[in-house]
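Subject: Structure handover

Hello,

Here is the structure for your files. My notes on it follow below.

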Amino acid sequence: MSGRLMKKVLKEQEAALFQLNGGDDDSESPVSSPPIRNPFDLLEDEDEVDDRDTTTIDPRYSQQADGEIAIETSFCDIGSNKHSSTEKPDFPTVSTLDVKSKKKKKKKKKIKEDLFPNIEDDVKPSDLMLENLILGASSSGHQRMAQYPAKQKLVNIDTDEVMLKKHSESSILQVEPKLLSAENELKRIFGSKVVKSYEKSQSSGHSRLIRGGRRGSHNLKKTILVSPSQHWPRWDGSLAMELLETKNGVNYFKYVHSSSYAQAQRAFESAKAMHDLNGIASILLNHPYHIDSLITLADYFKLSGEHEMSADATAKCLYALECAWHPLFTPSHKCQLKYVHDTNRPLFSSLFTHMKNMDRRGCHRSALEICKLLLSLDSDDPMGAIFCIDYYSLRAEEYAWLEQFAEEYSCDNSLWLFPNISYSLAVCRFYLERDEEVLINKKEKDTGKADSVDLMKQALMLHPSVLRKLVAKVPLKDRMWNNVVKHSLFRGEESGSPSLDHLIAIYVERSYIIWRLPDLHKFLYESAVLVIENLEKHASDVKDWDCVRKEAFSSDKNEYSHLLVSDFSDSMPTVPPDNLQEFMVGGGGGGGVEHHQHMPENNNNMPMPRDVSNRNALAVLFESMLPWINYGSREEEEDDLPDQANQD
């Protein structure tokens, strides 16, 4: 018992003795003060009413730990024995405060036992409460936390791991937002100081482009796809996204246009019909985030050699498209944007262009994340992301992820039947085998995976025409390749299937740069030699692999004709300034020169290209910038001179 509580007990005993001995004569004895009561005891008055009115000893508190008997005596009992005895009682008197304190302690102990049953000594209740709160405790705290006892939570760890393994197929394309940023990857490569100094130099140059030479006073919204520049205008909110439906836990979305955006779209269509680039530029002055106009401007800058301005226009498209995202939309497999909707197509084309821009900047990890996003937005893969995802994973050195992707991703065909996946898996296994940690790991040997040589031999037997095209494209000029290419298996350049030949052309154009490494030269050559030696013993294997190839690609038509080989190329096409007047504006985010072959010619609105020889250089420059203006030719000017002389 504490000292403070002891003083209170003694004062109560003195007050009781005063009432027994001479409480009627107030003049002969000093008046004692009433007993001091703890204010906090008022909180339990309702619970202790019965305890004050009875002298019955509570059996829960009847026995002490040391065997002593605690007797509860109330003031009412003391008053009833006033006339029977005036002597001090012999047994010790214990006040109700002592009993209340014991009740509080046991009540707290009981609550702890209810909340945390069978808690080990090394686990703190505060830590468990924090974990339960993180799990999402509701307002009814005790009931919510009682559902997650410590022992049960520890036992359920194994079941959670099983559930994660079941959902691994859907999480293989999970996009990491931090890796989407090219600035973060550049900081990892070059350091934050170098990147910050470059950004300062760029911001000083871009500040001049702002009206009046002043910096923008508005704050741009932060996005995950791109980092907005300071000179960009504020998002006008003219584009939005709506939720179409939800099926099997997957949300389907679609972009929608506001009335102002629809008006700008009609102006764009009319400017496109007239091949008026000046009209498109005027649209961007009033609607700086009109998607089709920005895509057209990006294509024009790319063809004119202004790659930085082209990338900036593409980034503006992605910024506007992300600002219009629905609150429920997240870059994951549970959110789908079908390519069949015309308003969704600009996102796909902008992401594909942005992915190639990231690759040219050396940000291969960011390009891989964008490729994963493209593949997860629409399961039909309208942009052919499946045919370049292996390239970006190899450039980013994500070898383990590529193997997991080839095993878990669900597709109509087996992924290893595609030429890019079959060859890239062999390269992936080749680099993993060189890693000492993988060789030391015993689990890797017990998995039964084929080694890199077997995978390369399988790829060469399935797609032998790839070898000859790689030797010509890389190029591999060593004499040792002459005997390999002259073999009957690798002599043909066509596989017999238009779809397969198109996919092989895409793979060679996209991934030929990987095969320039000397280690892969040796690896490819040794595997080809082993294939030739094996065919000398088992010549019938050629027919077996030919049957597999024909069964996998049985169509007589090119099923991938919508994928242009030039879209997967690293080369940057440029057009002379005088030929830019033929620049054809593609609708729906399609693009410029790449799609002009499918559009009808309009000779009435656009003049035919002329020879630039013997012409004024300044006139050619202005005509290239403003192709709808005709400044004439030197011959016409010379013809006009005699007419003027005759008139004079």
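Leaving aside its neighbours within four places in sequence, which residues is Asn344 in contact with? They are Phe253, Lys254, Tyr255, Leu337 and Lys338, where contact means heavy atoms within 4.5 Å. Asn344 is placed in the loop between strand E3 (335–337) and helix H17 (345–360). Helices (H or I, at least four residues) and strands (E, at least two) are DSSP runs, numbered from the N terminus. With a relative accessibility of 0%, Asn344 counts as buried; buried means under 20% relative accessible area, exposed over 50%, and partly exposed in between (1.4 Å probe, protein chains only).

Some notes on provenance. This is a predicted model, in which local features need pLDDT of at least 70 and side-chain atom pairs count only at pLDDT 80 or more, while totals for chains, interfaces and linings use all residues. Residues are numbered from 1 along each chain as its sequence is written, and side-chain values use heavy atoms, with hydrogens and water left out.

Overall figures

The protein has 32 helices and three strands. Of its 648 residues, 38% are buried. Among contacts with a separation of 6 or more, 69% are between residues 24 or more positions apart. The accessible surface is about 39100 Å², and carbon and sulfur atoms account for 52% of that surface. Accessible areas come from the Shrake-Rupley method with a 1.4 Å probe; for residues, only the protein chains shown count as cover.

Salt bridges

Side chains of opposite charge can pair when their charged atoms come close. A salt bridge here is a side-chain nitrogen of Lys or Arg within 4 Å of a carboxyl oxygen of Asp or Glu, and the whole structure contains 15 of them.

- Arg434 and Asp519 form one, with their closest N and O atoms 3.0 Å apart. Arg434 belongs to helix H21 (residues 419–434) and Asp519 to helix H29 (residues 518–537), so this pair ties together parts that are 85 residues apart in sequence. Arg434 is partly exposed at 47% relative accessibility, and Asp519 is partly exposed at 39%.
- Glu509 and Lys473 form another, at 3.4 Å between the closest N and O atoms. Glu509 is in helix H28 (residues 498–511) and Lys473 in helix H25 (residues 465–473), so the parts joined are 36 residues apart in sequence. Glu509 is buried, with a relative accessible area of 18%, whereas Lys473 is partly exposed at 32%.
- Glu245 and Lys247 meet at 3.7 Å, N to O. Glu245 is partly exposed at 36%, as is Lys247 at 46%.
- Arg365, Glu369, Lys372 and Glu398 are linked in a network of salt bridges.

Rings

Rings of Phe, Tyr and Trp (its six-membered ring) pair if their centres lie within 6.5 Å; planes under 30 degrees apart count as stacked, over 60 as edge-to-face and the rest as tilted. The count is 20 aromatic pairs. One of them is Tyr289 with Tyr319, a tilted pair at 5.8 Å centre to centre and 45° between the planes. Tyr289 sits in the loop between helix H14 (277–286) and helix H15 (291–303), and Tyr319 in helix H16 (residues 307–323), so the pair ties together parts that are 30 residues apart in sequence. Both residues, Tyr289 and Tyr319, are buried. Together with Trp232 and Trp235, Tyr289 and Tyr319 form one aromatic cluster.

A charge sits over a ring if NZ of Lys or CZ of Arg is within 6 Å of the ring centre and within 35 degrees of the ring normal. The charged end of Lys473 sits over the ring of Tyr512, 5.1 Å from its centre. For Arg510, the charged end sits over the ring of Tyr391, 4.1 Å from its centre.

Regards
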